[in-house]
Amino acid sequence: MSVPARRRAAHAIAALAAACAWYAASPSAQTEKASPHAAGADSFDELYAKGKRLNDSMKTLTARFTETTTSSLLTRPLVARGRVAVERPARIALRYSEPDARTVLIDGNTMTMSWPSRGVRQVSNIATTQARIRKYFVNGTPGDLRREFTIEDRGAGGDRPNDYAIAMLPKRKQIRENLARLDLWVNRTTLLLDAMKMTFASGDTKTMTFEDVVPNAPIPPGSFSVDPD
């Protein structure tokens with residue numbers, strides 16, 4: 001895997017980690033008094049606060065995912081499928097089953113990528129990324145987020161009418177050089193993340209959609225090892 005590809009993969013997983021840490025705190029139309037098209041600083045602050053209170057009760061999560069990658073180097077989008085398991089505060093396992101088996105595991109400040117069919121096994125230190133996630137997405141405030149991101153509160157989810165849509169554009173140059181935009185779609189009824197899209201500086205994109213999302217689900221033993229028993 002090339003260096004740019006590894007960087008994109010790292011940013012993709014970091015974005016997923018941030019989304020899993022924060023998706024229930026995203027603005028959501030489950031707040032009955034809020035307009036479905038609410039916009040502006042006050043509405044974002046209010047919805048963020050209400051969602052974050054719900055977020056505190058979730059310890060684990062499991063789901064099926066479909067990942068679609070577009071690139072100028074691909075003649076058609078690349079589609080992969082698998083399952084994700086999350087255990088707070090800092091464990092995420094992505095196990096791909098199609099088109100071939102591979103695993104991406106985050107455990108604390110370490111990210112491990114195993115792709116047997118390509119002979120890839122990489123271990124990376126992501127302490128800096130994890131610290132930023134905790135600072136801005138877990139322990140932060142709407143004001144903290146705005147200092148790091150331009151936030152587009154789009155209300156209705158466009159072609160996802162059951163979702164609340166939000167876009168986050170990084171302000172830091174070193175982030176923009178890799179990740180240009182993060183879009184999240186949160187289900188209005190369940191507050192669960194339905195989809196996320198990462199747009200990279202190159203114009204490449206990676207979209208993940210989630211199904212059968214179960215909060216506080218039992219996590220089987222070995223889920224957070226690269227080679228489970």
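Glu87 comes out as partly exposed, at 26% relative accessibility (buried is under 20% relative accessible area, exposed over 50%, partly exposed in between, with a 1.4 Å probe and protein chains only). Its salt-bridge partner is Arg91, at 3.1 Å from N to O, and Arg91 is likewise partly exposed, at 30%. A salt bridge here is a side-chain nitrogen of Lys or Arg within 4 Å of a carboxyl oxygen of Asp or Glu. The model is a predicted one, so local features need pLDDT of at least 70 and side-chain atom pairs count only at pLDDT 80 or more, while totals for chains, interfaces and linings use all residues. Residues are numbered from 1 along each chain as its sequence is written, and side-chain values use heavy atoms, with hydrogens and water left out.

By that rule the salt bridges number eleven. One of them pairs Glu67 with Lys206, with 3.5 Å between the closest N and O atoms. Glu67 lies in strand 1 and Lys206 in strand 11, so this bridge ties together parts that are 139 residues apart in sequence. Both ends are tucked away: Glu67 is buried at 4% relative accessibility, and Lys206 is buried at 15%. Then there is Arg181 with Asp183, whose closest N and O atoms are 2.8 Å apart. Here Arg181 is partly exposed at 22%, whereas Asp183 is buried at 5%. Shared partners also link Arg64, Glu211 and Asp212 into one salt-bridge network.

As for the overall build, the protein has five helices and eleven strands (DSSP runs numbered from the N terminus, helices being H or I with at least four residues and strands E with at least two). Of its 229 residues, 48% count as buried. Among contacts with a separation of 6 or more, 50% come from residues 24 or more positions apart, a contact being heavy atoms within 4.5 Å.

What about the nonpolar interior? The largest nonpolar core has 31 residues, and Phe65, Val84, Leu94, Met196 and Phe210 have the most contacts inside it. A second, separate core of five residues includes Ala85, Ala93, Leu105 and Phe224. Such a core is a set of buried Ala, Val, Leu, Ile, Met, Phe, Trp, Tyr and Cys residues joined through side-chain atoms within 4.5 Å.

A search of the whole structure turns up one aromatic pair. Because Phe65 sits in strand 1 (residues 60-70) and Tyr96 in strand 3 (residues 91-98), the pair ties together parts 31 residues apart in sequence. Phe65 is buried at 2%, and Tyr96 is buried at 6%. The charged end of Arg102 sits over the Tyr96 ring, 3.7 Å from its centre, and also over the ring of Trp115, at 4.2 Å. That call requires NZ of Lys or CZ of Arg within 6 Å of the ring centre and within 35 degrees of the ring normal.

Most residues other than glycine have a negative phi, and most peptide bonds are trans. The Glu98 to Pro99 bond, however, is cis, with omega near 0°; Pro99 lies in the loop between strand 3 and strand 4 (102-107). Asp212, in strand 11 (residues 205-215), has a positive phi of about 50° and is partly exposed at 49%. Asn216, in the segment after strand 11, has phi near 55° and is partly exposed at 44%.

Note on methods: Phe/Tyr/Trp six-rings, centres within 6.5 Å; stacked < 30°, edge-to-face > 60°.
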